[in-house]
Amino acid sequence: MSNGSFPPESGRRGGTLAIVLAALIPACCVAFWLLSSSPSGSKDDDADGGSGSTAPSASSPSSSPSATASPSSGKPLQGKVVVIDPGHNPHNRDHPSQIARLVDIGTNEKECDTTGTATNSGYAEASFTLDVARRVRTALEARGATVRFTQDGDRPYGPCVDERAEIGNKAHADAVVSVHADGAAAGQRGFHVILPKSVRGGGADTSAITAPSRLLGERLRSRFAKATGSEPAQYIGDGSGLDVRGDLGGLNLSTVPKVFIECGNMRDPQDAAELTDAAWRERAGRGIAQGITDFLNE
């Protein structure tokens, strides 16, 4: 009870009350001292006599080694660098002379870049690749990866194929995926992953990346098919969903594991219906992200 709860009384009752209070006050002080000095006392106790902040216990998440990024913490790609290369550029068509100039791809020369293909209704491959690439980035960053783009619709054209490779190399990327869609004849459906051929010449030497790139491609093939329900293309790669090429500068000049994925055929009406559907592109992005995640967790 607080002081002054009752008015003072005179006589024996007042004296008796004074005696009782005199006996209770020391006992209360002792009890308070015992409680405040016990392990279950104040949360502001500091064993080191420091600032008074709460010291984490041995079982506290902030002091546990597992509190750092790890698969169990939901960040399985912490510390990994992934470069996503959205094929072509929506502005390439406005710079025909610049993208037509030849660049060295090691084994020969090729155009800086191209405009890419489009659906019969006019949906451009360059718009498709940017959309899917951004969905891949969102999924990978949620898992802790550092994601870099070769272009994000923020360049007047390109970059050229040699620069696309160099961006991945300079980033020391753990994986690079170039996102595309094919422009084959109508009736030819499905997706495929392009792997680097073992080439050596000029500035090209893929001997160190062919094996890990194949593994990356196999993981992408599996996860993309599962996420989208798409079948591997039958018109290329013997229906395996994998195609090996030595004529692509983005692969020839890469020094880190890299593949291309052709997500479908924009010139086929059935494939085009999927490629132009935002819900399907979301599944495609997640499939690519999961394939990359599987590869990096090998």
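Hi everyone, a word on ground rules before we look around. The model is predicted, so local features need pLDDT of at least 70, side-chain atom pairs count only at pLDDT 80 or more, and totals for chains, interfaces and linings use all residues. Residues are numbered from 1 along each chain as its sequence is written, and side-chain values use heavy atoms, with hydrogens and water left out.

Let's start with the overall picture. Of the 298 residues, 40% are buried. Buried here means under 20% relative accessible area, exposed means over 50%, and partly exposed is in between, with a 1.4 Å probe and protein chains only. Now contacts, meaning heavy atoms within 4.5 Å. If you take those between residues at least 6 apart in sequence, 77% join residues at least 24 apart.

Helix α8 covers residues 278–296, which is 19 residues, and it reaches 27 Å from its first C-alpha to its last, close to the 27 Å expected. That expected span is 1.5 Å times one less than the number of residues. The buried residues of α8 include W280, R281, G285 and F295. Among the elements covering the buried residues of α8 are β1 (81–86), α3 (125–142), β5 (175–182) and α5 (210–228).

Helix α3 passes the length check too: its 18 residues should span 26 Å, and its end C-alpha atoms are 26 Å apart. Buried residues of α3 include E125, F128, V132 and L140. Their cover includes β1, β4, β5, β10, α7 and α8. After α3 comes G144, with a positive phi near 100°.

Also in this part of the model, the charged end of R137 sits over the ring of F149, 4.1 Å from its centre. The rule for that asks for NZ of Lys or CZ of Arg within 6 Å of the ring centre and within 35 degrees of the ring normal.

On to the rings. How many aromatic pairs does a search of the whole structure find? It finds 2. Rings of Phe, Tyr and Trp (its six-membered ring) pair if their centres lie within 6.5 Å; planes under 30 degrees apart are stacked, over 60 edge-to-face, and the rest tilted. F191 and F224 make a tilted pair, 4.8 Å centre to centre with 55° between the planes. F191 is in the loop between β5 and β6 (192–196), F224 is in helix α5, and they are 33 residues apart. F224 also pairs edge-to-face with W280, at 6.0 Å centre to centre and 80° between the planes. That pair joins helix α5 to helix α8 across 56 residues. F191, F224 and W280 form one aromatic cluster. F191 and F224 are both buried, and W280 is buried as well.

Now the cysteines. A disulfide is a pair of cysteine sulfur atoms within 2.5 Å, and by this rule there is 1. The disulfide joins C112 to C160, S to S 2.0 Å. The angle about the S-S bond is -90°, a left-handed link. C112 is in the loop between β3 (109–111) and α3, while C160 is in the loop between β4 (146–149) and α4 (161–170), 48 residues apart. C112 and C160 are both buried. C263 also counts as buried, at 2% relative accessibility.

Last, the backbone. Most residues other than glycine have a negative phi, and most peptide bonds are trans. The peptide bond from G158 to P159 is cis, with omega near 10°, and P159 is in the loop between β4 and α4. H88 has a positive phi of about 65° and lies in the loop between β1 and α2 (96–100). D238 has a positive phi near 55° and is in the loop between α5 and β9 (242–245). Which of these is buried or exposed? H88 is buried because its relative accessible area is 9%, whereas D238 counts as exposed at 80%.

Note on methods:
Helix = DSSP H or I, 4+ residues; strand = E, 2+ residues; numbered from the N terminus.
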